[in-house]
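I opened this model to look up its annotated spans and its ligand site. My entries follow.

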Amino acid sequence: MTIKSSSEFAKVLLEGDQWEALKILHAWQECKSRFNIYNELITPAMYTVGELWEKNEITVADEHLATAVCDFVITQTEQQFKFEKNNDLRKALFPSIVKEHHYLGLKMVSILFNEWNWDVRFLQSPLPIEHLIIYVNKWKPDLIGLSFSNVTQIEVLKQYLEQLHSHVCYNPEIIIGGRLIGKYDFTSLILNDNMRLIPNLYDLQSLYKNNG
Ligand code: B12
């Protein structure tokens, strides 16, 4: 099967055709890495969906359908890793912040960390900051990854970073990524040397792929 483009993939997502979407994924998996599939197929397809929504060419219901199929496909990329739990693995936590319903990017990032041999926990549903602090102080991840897609969420993100900075009893690494991070200057969000903005998956890969 010839590999289909991300815009053809977007069309299949919008048709809600999860089996065709899976076929496309399998064809890509013949020749591309998980990392490339995320960067070259899935992300641009969802950005295409966003552009169509912005131009009023699709409805919110269409967007929900595309999201559901896309989520299904991403889950299929999470094939069994040869993962033996042991206490030496570094731990990474990926919580969603409140009112941030865009979690597909964070989900892909969490799967990459899994591939890179980290002990990973991805919390898809938005987690209020007070519960996050309790969880972090208990599980003590080495790294916490937050995602930021919607500009109206900036104050919420700020609060999360401030609370993590002042109420966590040790010094985890905190990374912030998402659609807007590579586009604008958010350095004012950074409160200590352990916080870092990651503009794209290439930077993420070069920092963490061989550092599990
Ligand atoms: C699907 C979608 C939705 C879905 C959410 C699906 C889900 N469960 O994730 C639904 C329908 C729920 C939704 C709702 C809304 N959405 Co919406 N949505 C989108 C859409 C089309 C795709 C999002 C997506 O999955 N992209 C693909 C992923 C893979 O890309 P990504 O998130 O950027 O992630 C990549 C990188 O940024 C990075 N990354 C992401 N997170 C992290 C974290 C770390 C630590 C690191 C290192 C990297 C990293 O890795 C990923 C890999 O490439 C976008 C369009 C777009 N351009 O993204 C709009 C978009 C983000 N939404 C938008 C808006 C306005 C909304 C709503 C307010 C209204 C609406 N109905 O659309 C609500 C807000 C809900 C809320 N409170 O959060 C706007 C945001 C504009 C802005 N103001 O900033 C966009 C850009 C659409 C647009 N063109 O206007 N949305």
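**Annotated spans**

I started with the UniProt record: its unreviewed entry lists "domain: B12-binding N-terminal" for residues 8–73. UniProt positions are in the numbering used here, feature names are shortened, and annotations may be inferred rather than shown by experiment. The model is predicted; local features need pLDDT of at least 70, side-chain atom pairs count only at pLDDT 80 or more, and totals for chains, interfaces and linings use all residues. Residues are numbered from 1 along each chain as its sequence is written, and side-chain values use heavy atoms, with hydrogens and water left out.

I checked the make-up of residues 8–73: 85% helix and 0% strand, with end C-alpha atoms 15 Å apart. Helices (H or I, at least four residues) and strands (E, at least two) are DSSP runs, numbered from the N terminus.

The unreviewed UniProt entry also puts "domain: B12-binding" at residues 95–178. Here I read 44% helix and 24% strand, with 13 Å between the end C-alpha atoms.

**Ligand site**

Which residues come nearest to the ligand? Of the 31 around it, they are Tyr47, Lys99, His101, His102 and Ser147. Near means a heavy atom within 4 Å.

I sorted the shell by type: 14 nonpolar, 12 polar and five charged residues. Asp, Glu, Lys and Arg count as charged; Gly counts as polar.

Helix 3 gives the most to the shell, six residues. Domain 1 (6–76) and domain 2 (91–208) both give residues to the shell, so the ligand lies between them. Those bounds come from an automatic or database domain assignment.

I then listed polar contacts (N or O pairs within 3.5 Å). A polar side-chain atom of Glu63 is 3.2 Å from a ligand nitrogen. A backbone N or O atom of Leu104 sits 3.4 Å from a ligand oxygen.

Definitions and conventions:
Polar contact = N/O pair within 3.5 Å; in protein donor to acceptor, adjacent residues only side chain to side chain.
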